[in-house]
Amino acid sequence: MNTLTHKIPETLDPALEVDVINILIVDDLPENLLSLESILEQDGRNIIKASSGNEALKIARETELALIILDVQMPEMDGFEVAHLLRENPETMDISVLFVTALSYNEKYTIKGYREGAVDYLQKPLDTSIVKAKVNVFEKIYRQRMKLKESNDKLLATNKQLDEFVYIVSHDLKAPLRGLSSICSFLDEELGQDQKKEVSELLVLIKRRTAWMQALIDGILHYSRLANTVGEKEEVPLNDLIDNIIEMISPPSNFRFEIADNMPVLYAERIKIHEVFQNIISNAIKYSDKKEGVIKVSHLVFPDHYEFIIQDNGCGIKPEHFERIFGIFQTLGAKEKSESTGIGLTIVKKIVEQQGGKVTLSSEYGVGTTFRFTWKK
C-alpha cells in the first residue's frame with residue numbers, strides 16, 4: 001500500500017490563518033483520494049490526503065483542520081474507530097467528520113456513525129453536486145467559528161488590558177488617599193484635646209471621605225475582577241454559607257434572621273454565590289430603620305433553576321428607584337450614614353446574569369424590600 005504524504009503551505013499558520021482552510025480526506029485507495037480531491041479543489045482550500053486511520057490521526061493532532069472526510073471501510077482501522085479516537089482526544093474532538101460509505105444506509109448504521117462523532121454522510125458512488133454542497137456548508141460553519149474565536153480572543157485580550165489598567169489606576173489613586181489619611185491622623189494628634197470643635201469635625205469628615213474613596217476604589221477593582229473571572233465550581237451548602245456570611249458581617253444585636261432549614265446545595269463558584277448573598281444581606285442591614293431588624297431567606301424550586309428570596313423590614317425603596325438601584329455608583333440617600341459606594345448591587349446583578357439568571361425586587365416604602373434572584377441548577 002502506497003502512503004500519500006500530506007503537505008501544508010509554508011505560509012500557512014494553522015492556528016491563526018483562515019484565508020486557506022485545511023480539509024483532510026482519508027481513504028485506503030489512492031484512486032478514491034484523487035477523485036475526491038478533484039471534486040473539492042478550489043481557491044482557499046488545502047486538501048490533505050491520508051491513506052490510513054493512523055496517518056489521519058497523526059495529521060489531525062498536528063494540523064488545524066476544518067473538516068475530515070473519512071472513508072468508513074478501511075483495513076486495520078475503519079472509519080468508526082478513527083472517529084471514536086478523534087472524539088476522545090481533546091485536541092481533535094471538535095473537528096467535523098463527514099463519513100464516506102458504500103454500505104447500506106440504515107438507521108442502526110447511521111446512529112452508530114453519529115454516536116462516534118460523524119456530522120453527516122456521503123454515499124458512494126459520490127454525487128459531485130452533493131459533495132460540493134455539503135462541504136461548502138461545513139466550510140462556511142468553520143470560517144464563522146474561526147471569526148467568532150478571533151473576536152472572543154480580542155475581547156479576552158481587551159478585558160485583560162482593562163483589568164491591568166484598573167489595577168494600576170486603583171493603586172495610583174489609593175497612594176495619595178493614604179497620605180491624606182496619615183496627615184489627618186497627624187494633625188489630630190498634634191492638636192490634641194485643645195482643638196476647636198469645628199476643626200475636629202472637619203478632620204473626622206476628611207477621614208470618612210478618604211475611607212469612602214478607598215472603599216470605592218477597592219469596589220471598582222473587585223467588580224472588575226469578579227465579573228470577568230471564571231473559577232472552579234464546587235458543592236456549596238447554602239445554609240452553611242449564609243451562616244458564615246452572617247457571622248462575618250457581625251450584624252447589630254437588634255437583628256433577627258429567619259433562614260429556611262432546607263436551603264439547597266448548589267454546584268457553583270463559591271465566591272460568586274457568596275458575593276450575591278453577602279451584598280443583599282449587607283444592604284438590608286445597612287438600610288434598616290426599624291427598632292428590630294428582620295431578614296428572611298428562603299427559596300423556591302423549579303425544574304431547571306432555583307429562585308432565592310431575601311426579605312427585610314427596612315426602610316423600603318420607592319418604585320421609581322427599582323431599576324436605578326442596580327446601576328454602578330447608585331445610592332438612594334443615606335450616604336452620610338452608610339458611606340455606601342453603590343457597587344454592591346451592581347455586582348449582584350452582574351454575577352446573577354452571568355449565570356443565566358435574573359434579579360428583581362419588590363418593595364413598599366417604609367415597610368421593607370424583597371430581593372429575588374434565579375440560579376440555574
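**Strand pairing, a helix crossing and local backbone features**

Residue D71 stands opposite V100 of strand β4, and the two strands concerned, β3 (67-71) and β4 (residues 96-101), pair in the parallel sense over 5 bridges, pairing being assigned if DSSP finds at least two bridges between two strands. The model is a predicted one, in which local features need pLDDT of at least 70 and side-chain atom pairs count only at pLDDT 80 or more, whereas totals for chains, interfaces and linings use all residues. Residues are numbered from 1 along each chain as its sequence is written, and side-chain values use heavy atoms, with hydrogens and water left out. Helices (H or I, at least four residues) and strands (E, at least two) are DSSP runs numbered from the N terminus.

Strand β4 is mostly covered, with 6 of its 6 residues buried, where buried means under 20% relative accessible area, exposed over 50% and partly exposed in between, for a 1.4 Å probe and protein chains only. In a regular strand the side chains alternate between the two faces of the sheet.

The axes of helix α7 (residues 238-249) and helix α8 (residues 270-286) come within 10 Å and cross at roughly 50 degrees; axes are lines fitted to C-alpha atoms, for helices over the stretch in contact, and angles run from 0 to 180 degrees between N-to-C directions. This angle makes α7 oblique to α8, a class that takes the angles left over when those under 35 degrees count as roughly parallel, over 145 as roughly antiparallel and 65 to 115 as roughly perpendicular. The contact (heavy atoms within 4.5 Å) is made by L238, L241, I242, I245, M248 and I249 of α7 and by R270, I273, H274, F277, Q278, I281, S282 and I285 of α8.

A cis peptide bond, with omega of about -5 degrees, joins K124 and P125, and P125 is placed in the loop between β5 (118-123) and α5 (128-191). E76, in the loop between β3 and α3 (79-88), has a phi near 70 degrees, a positive value in a residue other than glycine, and counts as exposed at 75% relative accessibility. S250, which lies in the loop between α7 and β7 (255-259), likewise is not a glycine and has a positive phi of about 55 degrees; S250 is exposed, with a relative accessible area of 52%.
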